[in-house]
Structure formats: structure tokens, C-alpha cells
Amino acid sequence: MYSAKVISLQLKEVERKNSPCFSTGPVGEDLYHWEAIITGPKGSPYENGVFKLDIHFPLDYPFAPPRVMFKTKVYHPHVNTYGNIFLKMIYVEDRAAFETTALAWTVEHARGA
């Protein structure tokens, strides 16, 4: 299956790079179900946060995108309350209020995860 070959190649690339900012890989032996852990970037309201994500690759990957969902609760304009990511443009009018809320959610939900 073409998708399995592409996913396997991408897994090798992720393992080769070994990033300090994130880790990801299959859940057990299921090549189509991955989990990821990302750390919040320095200087952002997410700094020192550890966020878990769930990734499901469709059988027709890479022609269809993976479904990525935050398992750690996060306050972000592109993540809904269920952890689903969407790319609809949202303009934050009160940046300071956004950052205050994002930091509070990071402290409450993403530290010590």
C-alpha cells in the first residue's frame, strides 16, 4: 500500500532528526495511528507547556490529510474545544487578553502532563 510506504519514510525522517521540540511515532504497531508530544515555544503563552496530540492517517494518505487532534486542552484560535485543529482565519482583536487566557490554560492543563 502506497500510504504505508510514505508514512514509513516519514517516520524514518522524524527519527533521524530527533527534535528537542517534539516527539512523534506510531501507537503500538499501528502505522496509521500516531501520537505526538510538542513543547510550547519560548516567549509564548505556551512556554513550558507539554501538549499531547493524536494523529490518524487515512488509507489514501498523502492524497488526504491526517486528522490531528490535541489531547491536552489548549486555548488557541485554531483549536476548538474538542481539540480539533482547523485553519479558518480568526483575528485576535485583544492580543493581551488572548495571551493571558492562553497562558492560564497552559499552566492549568499542560504543565506536568
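Student: Leaving aside its neighbours within four places in sequence, which residues is G49 in contact with?

Tutor: Happy to start there, with a word on the model: it is predicted, so local features need pLDDT of at least 70 and side-chain atom pairs count only at pLDDT 80 or more, while totals for chains, interfaces and linings use all residues. Residues are numbered from 1 along each chain as its sequence is written, and side-chain values use heavy atoms, with hydrogens and water left out. G49 lies in the loop between β2 and β3, where helices (H or I, at least four residues) and strands (E, at least two) are DSSP runs numbered from the N terminus. With contact meaning heavy atoms within 4.5 Å, the partners of G49 beyond four places in sequence are I38, T39, G40, T106, A110 and R111.

Student: Is G49 buried or exposed?

Tutor: The scale is relative accessible area: buried is under 20%, exposed is over 50%, and partly exposed is in between (1.4 Å probe, protein chains only). G49 has a relative accessible area of 0%, so this glycine is buried.

Student: How far apart in space are G49 and H109, C-alpha to C-alpha?

Tutor: In sequence, G49 and H109 are 60 residues apart. In space, their C-alpha to C-alpha distance is 8.2 Å.

Student: In what order do the elements of the chain run from the N terminus on?

Tutor: The chain has 2 helices and 4 strands. From the N terminus on, the order is α-β-β-β-β-α.

Student: Which residue takes a positive phi near 60° in the hairpin of β1 and β2?

Tutor: Look at the turn of that hairpin, which has 2 residues between the strands. The residue with the positive phi is G28.

Student: Which class of aromatic pair do F57 and Y61 form?

Tutor: Rings of Phe, Tyr and Trp (its six-membered ring) pair if their centres lie within 6.5 Å; planes under 30 degrees apart are stacked, over 60 edge-to-face, and the rest tilted. The whole structure holds 7 aromatic pairs. F57 and Y61 have their centres 4.8 Å apart and 75° between the planes, which makes this pair edge-to-face.

Student: Why do F57 and Y61 count as buried?

Tutor: Both rings belong to one aromatic cluster, together with W34. F57 counts as buried because its relative accessibility is 10%. For Y61, the value behind the buried label is 11%.

Student: How many residues apart in sequence are the parts that the Y75 and F98 pair ties together?

Tutor: The centres of these two rings are 5.6 Å apart and their planes are at 35°, so the pair is tilted. Y75 lies in the loop between β4 (67-70) and α2 (95-109) and F98 in helix α2, so the pair ties together parts whose separation in sequence is 23 residues.

Student: The charged end of which residue sits over the ring of W105?

Tutor: A charge sits over a ring if NZ of Lys or CZ of Arg is within 6 Å of the ring centre and within 35 degrees of the ring normal. At W105, the charged end is 5.1 Å from the ring centre. The residue is K73.

Student: The side chain of T72 reaches the backbone nitrogen of which residue?

Tutor: T72 is found in the loop between β4 and α2, and its relative accessible area of 8% is why it is buried. Beyond four places in sequence, T72 is in contact with V50, F51, K52, H109 and A110. At 2.8 Å, the T72 side chain reaches the backbone nitrogen of K52.

How values were computed:
Polar contact = N/O pair within 3.5 Å; in protein donor to acceptor, adjacent residues only side chain to side chain. Pairing = 2+ DSSP bridges.
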